[in-house]
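Please work through the following exercises with the sequence and the model at hand. Each task is followed by a solution in steps.

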Amino acid sequence: MYKVLTFNNISARGLDRLPRERFEVSSEIQQPDAVLLRSAKLHDWSIPETLKAVGRAGAGVNNIPVDAMSQRGIPVFNAPGANANAVKELVIAGMFLAARNICPAWAFAESLSGSDEQMNKTAEAEKKRFTGFELPGRTLGVIGLGAIGVNVANAASSLGMKVIGYDPKITVRSAWNLEAGVRRAHSVDEVMAAADIVTLHVPETDETRGMINGARLAGAREGQVLLNFARAGIVDDEAIVKGLQQGRLRTYVCDFPSATLKGQDGVVALPHIGASTAEAQENCAIMAADEVRDFLETGN
Ligand code: MLT
């Protein structure tokens, strides 16, 4: 009987991939053969002697001490692409939200009081300041062309946007998935200078940490919208505040709460919900559970 320790809620459809007659699955297990987790941080967890595999029901693995696991021969399986559609949909929502000033317009409407007639009169008088822009013909810069970046690039193309993409490690498969017409850039700076909207889809690594900093924003197209549904650490929040104050940035939409950004005009911060759809959670759990099961049972 294999013992699988779960951190976080793992979708039942994923857990169903571990037959009960061969797998004991619980959040209480002491000497696990494998771990299944979502965003729980394992860096301070003492790795049990019995552990043979880790399954991450998501794409990023920066919550897992991958090097320490590797040194002990423990593979870490993730679920690349399994939540790509969910993240893509929220990124596209983020673009519309920024382009049409939906958050400040909604906050303004909520702040109105009086009769319907009075509120509508004030709304009509003030709505000019929420004038937005349309997406067709605008340029989207996609930094990171893995499963999510490619999905976003293709969706933006189908909305009539021009798309410029950059990824130092682009694979042949990703390149093939890109719709015709997506221009390949050769650096982050080239994307920052060319795009009306930039979206980040790189993992957080030593190479990408703090990638969007003051110097990068200084070279950004004026009034740019920046979207970060990747990882908080890729962006220097202090630089974002300055960029917004100087008008270099128009809006920063991110999927991470931040003390530095809280209450800042032009910021929309969400609570890491990019992959939070029923479908994505099922897909990720199924992929991670299948990998862990196959590894435990076959060694592959
Ligand atoms: C991921 O790494 O897949 C996303 O950030 C979503 C998540 O952590 O659940």
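This is a predicted model: local features need pLDDT of at least 70, side-chain atom pairs count only at pLDDT 80 or more; totals for chains, interfaces and linings use all residues.

Residues are numbered from 1 along each chain as its sequence is written.

**Exercise 1. State the domains of the chain and describe their contact.**

Step 1. The domain assignment, which is automatic or taken from a database, gives domain 1 (2–79 + 278–298) and domain 2 (84–269).

Step 2. Taken over C-alpha atoms, the centres of domain 1 and domain 2 are separated by 33 Å.

Step 3. Four residues from domain 1 and four residues from domain 2 make the contact; two residues are in contact if their C-beta atoms, placed from the backbone, lie within 7 Å.

Step 4. The side of domain 1 that touches domain 2 has one nonpolar, two polar and one charged residues. Here Ala, Val, Leu, Ile, Met, Phe, Trp, Tyr, Cys and Pro count as nonpolar, Asp, Glu, Lys and Arg as charged, and the others, Gly among them, as polar.

**Exercise 2. Identify the residues that surround the ligand and divide them by class.**

Step 1. Arg38, Ser39, Gly58, Ala59, Gly60, Asn83, Gly274 and Ala275 surround the ligand; a residue is near a molecule if its C-beta atom, placed from the backbone, lies within 6 Å of it.

Step 2. By class, this shell holds two nonpolar, five polar and one charged residues.

**Exercise 3. Locate the largest nonpolar core.**

Step 1. A nonpolar core is a set of buried Ala, Val, Leu, Ile, Met, Phe, Trp, Tyr and Cys residues joined through C-beta atoms within 7 Å. A residue is buried if 20 or more other C-beta atoms lie within 10 Å of its own, exposed if 12 or fewer, and partly exposed in between, with C-beta atoms placed from the backbone.

Step 2. The largest core has 80 residues, of which Leu36, Ala153, Val191, Leu227, Cys284 and Ala288 touch the most other members.

Step 3. This core lies between domain 1 and domain 2, because both give residues to it.

**Exercise 4. Describe the sheet and the place of Val54 in strand 4.**

Step 1. Helices (H or I, at least four residues) and strands (E, at least two) are DSSP runs, numbered from the N terminus; two strands pair if DSSP finds at least two bridges between them.

Step 2. The open sheet consists of five strands in the order 2-1-3-4-5, with parallel pairing. Strand 2 (23–26) and strand 5 (76–77) are the edge strands, each pairing on one side only.

Step 3. Strand 3 (residues 34–37) is joined to strand 4 by four bridges, and Val35 has Val54 as its bridge partner.

Step 4. Val54 has 27 other C-beta atoms within 10 Å and is therefore buried. Not counting residues up to four places away in sequence, Val54 touches Ala34, Val35, Ile64, Met69, Ile74, Val76 and Phe77.
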